[in-house]
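Biologist: Please take one part of this model and go through it closely. I would like to know what surrounds a single residue, and then what the side chains elsewhere are doing.

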Amino acid sequence: MSDDPTKVRIRRILVAMDASPHSQSALQAAIELATHTGANLAGIFVEDENLLRMGNLSFTREIRLFSTAVAACSADDIQRQLRVQRRRAEELVHAAARRAGVSSTFRTVRGQVEKEILAACSNADVVALGRQSYSNSGAKKLGSTAQALLQQASVPVMVLPEEAQLRAPVMVLYDGSKAANQALLLAAQITKQTQYTPLSVVNLAATPDKAGPLEKEVLQLLQPHKLHVSFYSIGRFSAQRLLHLLETHQSGLIISPAALGTANEQQQLLKTITSPVILVH
Amino acid sequence: MIKVVEALPPEQLYTVCNPAKFDFVTTDDLEPLKAVIGQERATEAVQFGIGMQKDGYNVFALGPNETDKENLVRHFLEARANAEPAPPDWCYVYNFEQPHIPNAMKLPPGTAAEFSSDMNTFTEDLQTALTSAFESEEYQTRRQVIEEHAQEEHQEAFEKLQEKAREKDLALLRTPAGFTFAPIKDGEVTPPDEIKKMSKEEREALEDEVEQLQDELQRILRQVPSQQRKLREQVRKLNQEIARLAARDLINEIRDRYENLQQIQEHLDAIEEDIVDNVNNLVQSSGGDADGGGSGQLAQLQKAQQSQQVLQRYQANDLIDHSTTDHAPVVYEDNPTMHNLVGRIEYQAQMGTLVTDFTLIKPGALHRAQGGYLMLDARKVLSEPFAWEALKRTLHSGEIRIQSLREAMGYVSTISLEPEPVPLDVKVVLLGDRSLYYLLHELDPEFAELFKVEADFDDQMDRSSESQHLYARMLAALVKEHELRPLKRPAVARVIEHSARMVNDAEKLSTAITEVKDLLQEANYWAEQEQRDTITRADVNDALDARRRRAGRVRERIQENILRDTLFIDTDGEVIGQVNGLSVLQLGRDMFGRPNRITARVSLGKGSVIDIEREVELGGPLHSKGVLILSGFLSARYATDRPLSLAASLVFEQSYGAIEGDSASSAELYTLLSAIGQVPVKQSLAVTGSVNQHGQVQPIGGANEKIEGFFDICQQRGLTGDQGVLIPAANVKNLMLHRRVIEAVTNGQFHIYPVEHIDQGMELLTDLPIGEVQADGTFPEDSVNGRVAQTLEQLAHRRTAFLTTSNNEEK
C-alpha cells in the first residue's frame, strides 16, 4: 500500500494456489486485476506440514474422495502428491500470466498453511484465494485458510467462489469506518484502472440521519479521483437485505470493510455471495 | 381392249378450296374455335381417362408433337380441374417416436401454411416463456431450497464428524487425493515422537478412534453419489413441472385453433411431452440456467445449437399448401428428374458434415399435383436416371415415397430420413410419340397396367366443306392467340389447300397445328414486309416458297447435276431398256422428288432377274420383293409353255446410296419389257408406281413430290409438250400439285397419266399396242407382247440348242 493515505496502489498480488477450482478462480481474478493495474503476480504454494507429519504416523489412512477406498498413506506418498499438485499450480500461474502478459513469480514453501500465507502477505498489496480449498464436502462456508487470513491479514483479501469472474461494476460497501475508507479508496483505484464505471457505493449508515453526511464523506474522499458514483441504500443493516441488493445489481466485484455486522452475518454474506469479494482491514 | 389412258385435267391435280364458299372477309369475322378439331378419338380417350377414377387408368397421349397435343390435353385437364375443389394440404412434422420417419399430416386445404406459421411463432414464444419461467423468483427459490436441503444434510453429517474428531483431539485433514484423520495438538499434527512416547494402551485407543472415524467418513462419502442423484432427480422434477406450466398455455392456444383436427391434437400432445423431457436443453441456451456462464464460446455455441435443434422439432414443414387456389392443380413438370417427381431431402453442411431434418423435405411434382393432374413428357422421364422407375413405383404402390438418388443407387448409407409416404391421388398424363408408346407396351410389362388409356392423336382429318369451315375458325383462333394479322378469305383457302398437301391427300387435312401455326407466322412476316394489314394468299405462297428455298440446297444441287449432265437423265428421245423412275428424298422438313435412270440388260440365262442393288446390298427388302414380283409377272404372261430362258439385270444408274420401297417396280418392269422386246421407251415420260404379279399398278407415297421433281427438270430444260409422268390411278386422290405444274398442264405442256395396269403404261411409253393374247395363245407380232414373246421364244430355243450341243459334247 502506498504511504499516501488518499491513494492506494496495487503493485503486487499474492495468489494462494492449491490447484482447486476455487483457487483457479482466484488466479483468474488476480490476473484480471493485474492486467489493469500493472501489478506483478506472485503465486505461492504451501506444502502442508501437517500432512507430511500425518504421513509419518503409522496408523493413519487416507480415504479417497471418489472411490472412498481406504489406503495406507506414507510421508513419501504425501510428498509425491504434493509435488504433483505444486507442479500443476505453478504451471497454471505461469501459463495464465503469460497469456495475459503479466509478470509472475512462483514460490513454494513448507509449513503450516495459514502461517506461511500470512507471512507471505507482508510484501503484497492484495492477496487472492479461493473460498475453500475443496468443494466436495458440500460445505459452502469459508475454508480455514480464508478464515485465518480474513482475521489476521494486514492487506486486502480477495475471496473467490468457484467459477466467479471479476467484471464490472465494482460495488463498495461503506459504513464510515477506517477500513471502509480504505475500501473506498481501493475501489476508486480499481474502478479507474479497469474503467468499470460507474462506481457503486452502498451507503451503510447506521441510522437514516447519518446517511447524508456519510454520502458527503464519500464524495469528498473520491473527489481527487473524479469518478461517476451511484449510491445505493438498504435502510437498516441486515445481511439478508444487503444480499438482496447485491443479487439484484449483479455486481462484478464487491469491496467491503472486513468487519461488517456480526461474525455470523459475515459468514452468511461470504458464503452466499457469488461474485469476488475484497475485504479490507 | 385396253382402256386408253387420258392425261388428267388440271382440276384433278389440285383440289381447290373455293374461297367463294366462305361467308367471311377475313378471319376477324369468324368466331375463333376453342375446341379441338379432327381429334375425336383422342378427345374421347382423354375425357374417359380423366373421368375414370380407378387404379391404372392413367393416360398416355400419343401422336406427333405437331398436333399440339400438350396444349390440347392441358386444355381438357384445366377445364376439369377448375371444376374440382382444392385438394387437401400436406405437412411433414417431427415423429417423436421414430425421428427418422417424419410423419405426413393431411390437413384441410389452406391449413398447412397457417399451421406451419403458428408452429413457428410457437417455437419463438416457447423459448421466451420458458426463459422467463425459469428466471422467475419462484423457480429460483424452489431450486435453491432443494439444493440447500441436500447440502445441509451432507454438511451436517460432515460437521458432526469433525466435531466428534475434535473432541478426541483429532483433525480431519484434506490430502490432495482425499481425507485423513490425524491426532492434533495446538493446531498442529502431533509429531511421531510424541506418539511413540505413548503407552501401548493409549496408542491402541487412538488407533481405534481413528479407525472408527475413518469408517464413518467412508460411509458419509459413499452416500454422496446417491444424494447427488436424488438432488438431480428433484431438480429434474421441478424443471418438468415448471416447463409444463410454461408451455401449456401456448400449446392450448394452438389446440383450440385446430380443435377438429385429431392429428394435430395428437401431435401437440407429443410436443408437450417432448418439451417436458427436453427442458434442460431448451433452457440452458436461453440463459436461464446458472451454469450457462463460465464455459467457453464453443460450448455455448453447441448449447445454442442443441436448443435450436430441439426447437426445430416443433416446427411444421408445409409441403403442399392450397391457400391461394380454390381448385385442383394441373402440373406440367418439364424437368422430370427423379427428385423433381417424388420430392427430395436436402442437406445442410454443418461443421463439415451433411445433416438433414424433416424441415428440409421438399415436394416433387407428384406432391404438387396431389388431388389433380400431372402432365409429363414420356421421353424426358425415360431419359432421366431412375425417374421412370420412380414414377412406376409410385403409381403401383399408390403412395409417394421420397427416396434419395444416392440411396436408390445404393452408393451411400448415411443417416437420412425416410419420410412417411403420402397416399397418391394424382392422374398422370404422359405425352409421347407413337413409337415410344408401342415400344413401352412391348418392352415394359408394367406399362400396360399403369397407363390403360391411350389417347391417340391423329395427324389428319377428313376434308369436307364443314370441316374446311371449322378449319377456318381454328385458323382464326391461332391468329388471335398469336396476335397475327387476320387472314383474307383466299389466304384461308390457300392454307387449307396446303394443309391437304401436308398430308399428301386432297381429301384430308393436316392436324399438325404447330406447323400450320408456323406457316401463319411466316405468312404474317411476309405481309409485314409488304406493309399489309391482312395476310393474303400471296403472303401464304411467299411463305411456302421461301421455306422451300431455304431448304432447297440439296434439291437444287441434284437438279443442277442433272441439267449439267453429270447425272444422266434424258427428257426426250427414245431408248431401249431405259426408263425414268422417280424417287423421293426427305431431308429435315423438306421432301422432294428426283428422277432416276433405271436400265435393264437381257441375255440368255436360266430365267432369273438380277437386281444389282440387292447384289451389292444397297436394295432394301421391299425393293427386292418388288423385283421378284417382276419374275412372277414375266413367267405367268410369257413362259407358260416353255422355260423362261433369260438372264436380266436391273439397276438404278448413278445411285450411290441405299434404295428402299417398291415404288419403282412398275418402272423396272417397263424397262425389262423394253429390253426384252427391244422396244424403245420415250424418255420424255417418267414413271412411278408399284406393280403386282398380275401387272396391276398399285399406289405409292410422295406422288406430288415425285411429279414436281421430274417437272422441275423438264421445265428447266424447256417443256416440249410431250413430257409427263405416269402415276398409279389410285394416287389421283393424293394430288395437290404446285401451281407451276398446274399451269403447265393447263397449257398442255405437261401431262399426268393415271395408269391402272402395266399394259396401259407400256402403250403410253412406247406408242406400240400392248397386244392382246390371241386364240392360239400367241400375241400379235407388232405389239409389245408380241416382240417380248418372240425374244423369249428365241432365247428358249437357243437355250435348248445350247443344252443339246453341250450334252452331246459331254457324251
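Modeller: Leaving out neighbours within four places in sequence, B:Thr190 is in contact with A:Arg53 and A:Leu57, and also with B:Pro183, B:Ile184, B:Lys185 and B:Ile195. This is a predicted model. B:Thr190 sits in the loop between strand 6 (188–189) and helix 5 (192–197) of chain B. Its relative accessible area is 6%, so B:Thr190 is buried, the limit being under 20%.

Elsewhere in chain B, B:Arg174 lies over the face of B:Phe179, 5.6 Å from the ring centre.

Next, the charged pairs. Over all chains, the search finds 53 salt bridges. One of them joins B:Arg248 to B:Glu272, with the closest N and O atoms 2.9 Å apart. The pair links distant parts of the chain, since B:Arg248 is in helix 6 (residues 200–257) of chain B and B:Glu272 is in helix 7 (residues 262–277) of chain B, 24 residues apart. B:Glu272 is buried because its relative accessible area is 5%, whereas B:Arg248 counts as partly exposed at 38% relative accessibility. Both belong to a network of salt bridges that also includes B:Arg244, B:Arg255, B:Asp269 and B:Glu273.

Another salt bridge in chain B joins the side chains of B:Glu84 and B:Arg80, at 3.0 Å from N to O. B:Glu84 is buried, with a relative accessible area of 18%, and B:Arg80 is partly exposed, with 31%.

In chain A, the side chains of A:Asp77 and A:Arg80 meet in a salt bridge of 3.4 Å, N to O. Both residues lie in helix 3 (residues 75–100) of chain A, and they are 3 residues apart, about one turn of the helix. A:Asp77 is partly exposed, with a relative accessible area of 27%; A:Arg80 also counts as partly exposed, at 45%.

Then the aromatic side chains. The structure holds 19 aromatic pairs over all chains. In one of them, the rings of B:Trp388 and B:Phe447 have centres 6.2 Å apart and planes at 40°, so the pair is tilted. This pair too links distant parts of the chain: B:Trp388 is in helix 13 (residues 387–397) of chain B and B:Phe447 in helix 16 (residues 447–450) of chain B, 59 residues apart. Both residues are buried. They form one aromatic cluster together with B:Phe60, B:Tyr437, B:Tyr438 and B:Phe451.

Last, the surface. B:Leu298, B:Leu301 and B:Met351 form a nonpolar patch there, with about 340 Å² of accessible area together. B:Leu298 lies in helix 9 (residues 297–312) of chain B and counts as exposed, at 53% relative accessibility.

Methods:
Residues are numbered from 1 along each chain as its sequence is written. Chains are lettered from A and ligands numbered from 1 in the order in which they are written. This is a predicted model: local features need pLDDT of at least 70, side-chain atom pairs count only at pLDDT 80 or more; totals for chains, interfaces and linings use all residues. Side-chain values use heavy atoms; hydrogens and water are left out. Patches are made of residues with over 30% relative accessible area and no salt bridge: like charges are joined within 9 Å, nonpolar side chains (Val, Leu, Ile, Met, Phe, Trp, Tyr) within 5 Å. Accessible areas come from the Shrake-Rupley method with a 1.4 Å probe; for residues, only the protein chains shown count as cover. A salt bridge is a side-chain nitrogen of Lys or Arg within 4 Å of a carboxyl oxygen of Asp or Glu. Helices (H or I, at least four residues) and strands (E, at least two) are DSSP runs, numbered from the N terminus. Buried means under 20% relative accessible area, exposed over 50%, partly exposed in between (1.4 Å probe, protein chains only). Rings of Phe, Tyr and Trp (its six-membered ring) pair if their centres lie within 6.5 Å; planes under 30 degrees apart count as stacked, over 60 as edge-to-face and the rest as tilted. A charge sits over a ring if NZ of Lys or CZ of Arg is within 6 Å of the ring centre and within 35 degrees of the ring normal. Contact means heavy atoms within 4.5 Å.
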